[in-house]
Amino acid sequence: MSTYQTMGVIVSNIEAITPKIKRFTLIPAENTQLPAFTGGSHIFVQMQDGDKRYSNAYSLLNSPCDKNRYQIAVKREENSRGGSAFMHDKVIVGHNLIISEPNNLFALVPEAKKHILIAGGIGITPFMSYLHELRQKNSEYELHYCYRYPNENAFSKELMTAEFKDKIYCYISSEGNRLKLDTLISRLPEGSHIYTCGSGSLNNGVKQAAKNAGFPAHQLHFEQFAVEDKTGDAFTVVLAKSGVELDVDSDSTILQVIERNNAAHVESLCREGVCGTCETTILEGEADHRDQYLSDEEKQSQTSMLICCSRAKGKRLVLDL
Ligand code: FES
């Protein structure tokens, strides 16, 4: 089970940094310092909107040396499930929020000879804390930042400085300026690592260009906060403690079906296979793992699964619930 701690913070500042993105500064609600973090870390922000509760993951933007505040950027999503709209419309300066301690699934690889960061749109956010760390360690790096319109550069003030002149490259697609992934990847020195955060098509483009160039797959890293596909064949889940049997249809997750039927209480934070909070022991059957939390060995052992996103391989699963 995940050991995420949560803590109270206060929103001390909100700035609109593009027409669709706001930056929130969070300070501790108690008179304490915030937990330390490393470049690429994220936190979960819990939002209570009446009887609705959301929990979204956001990358930390500020310097990992800064223990007095966290900064996150929130893009208002067109198809928001509620979280980004809540942050944009309802959160004001002075608002109390509950956040998780930082976690890092996208850390810099210390042995990389050169770090190549590729950002698409709001995917720039994990790289903002990377930049602090890379500068501090005097590491070799380049940032390639792709966005659609000139006013979508969320951090122009921070990035368009003399310090970054030879390290940061911007590509504005509405001006016909696009990153040529094949050219970029084919010229990288041996020992480089590539970190990508953006849309599924950017990720696929990087994977394909890396394959074309013979770039080692284990030196590619992707930041992903959402499970690409939670759907699959229907199956039955049995809750061993109560003996309750539930049908999980092809579009629902085990967690959703349990909640809909009020069949057990399961803690959940991210609901996207990232945080590990919903990890549940498997007593019979095998899971079709979809999460990013369990290691390959843990997945192979089939001893537990994350029921917010993973499914059954067969027709029946018995869980220790
Ligand atoms: S709730 Fe986070 S992994 Fe399931």
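Over the face of which ring does Lys207 lie? I found Lys207 over the face of Phe222, at 4.9 Å from the ring centre. I counted a charge as over a ring if NZ of Lys or CZ of Arg is within 6 Å of the ring centre and within 35 degrees of the ring normal. I noted a further case in Lys167, which lies over the face of Tyr141 at 5.0 Å from the ring centre.

**Basis of the entries**

I record that this is a predicted model, in which local features need pLDDT of at least 70 and side-chain atom pairs count only at pLDDT 80 or more, while totals for chains, interfaces and linings use all residues. Residues are numbered from 1 along each chain as its sequence is written, and side-chain values use heavy atoms, with hydrogens and water left out.

I searched the whole structure and found seven aromatic pairs. Rings of Phe, Tyr and Trp (its six-membered ring) pair if their centres lie within 6.5 Å; planes under 30 degrees apart count as stacked, over 60 as edge-to-face and the rest as tilted. I looked up the pair of Tyr130 and Tyr195, which is edge-to-face, with 5.4 Å centre to centre and 85 degrees between the planes. Tyr130 lies in helix α2 (residues 125–136) and Tyr195 in strand β10 (residues 192–197), so the pair ties together parts that are 65 residues apart in sequence. Helices (H or I, at least four residues) and strands (E, at least two) are DSSP runs, numbered from the N terminus. Ring pairs link Phe106, Phe127, Tyr130 and Tyr195 into a cluster.

Are Tyr130 and Tyr195 buried or exposed? Both are buried; the word means under 20% relative accessible area, with exposed over 50% and partly exposed in between (1.4 Å probe, protein chains only). I then checked α2 and found nine of its 12 residues buried, among them Phe127, Met128, Leu131 and Glu133.

**Positive phi**

Most residues other than glycine have a negative phi. Asn262 is not a glycine, yet has a positive phi of about 50 degrees. I placed Asn262 in the loop between α6 and β14 (279–284), where it is exposed, with a relative accessible area of 71%. Gln302 has a positive phi near 55 degrees and lies in the loop between α7 (296–301) and β16 (304–306). At 12% relative accessibility, Gln302 counts as buried.

**The second largest pocket**

I read a volume of about 530 Å³ for the second largest pocket. On a 1 Å grid over the protein atoms alone, a pocket is an open set of points where a 1.4 Å probe fits, with protein on both sides within 12 Å along at least five of seven lines; lining residues have an atom within 4 Å of a point. Its volume is the space filled by probe spheres set on the points, which are joined across faces, edges and corners.

Which residues lie nearest the centre of this pocket? Of the 21 lining residues, these are Arg53, Tyr54, Glu259, Ser268 and Arg271. The elements that give two or more residues to the lining are β4 (52–59) and α6 (254–260), and the largest share, four residues, comes from β4. Domain 1 (6–100) and domain 3 (235–319) each supply at least three lining residues; the bounds come from an automatic or database domain assignment.

I ended with Glu259, found in helix α6 and partly exposed, with a relative accessible area of 35%.
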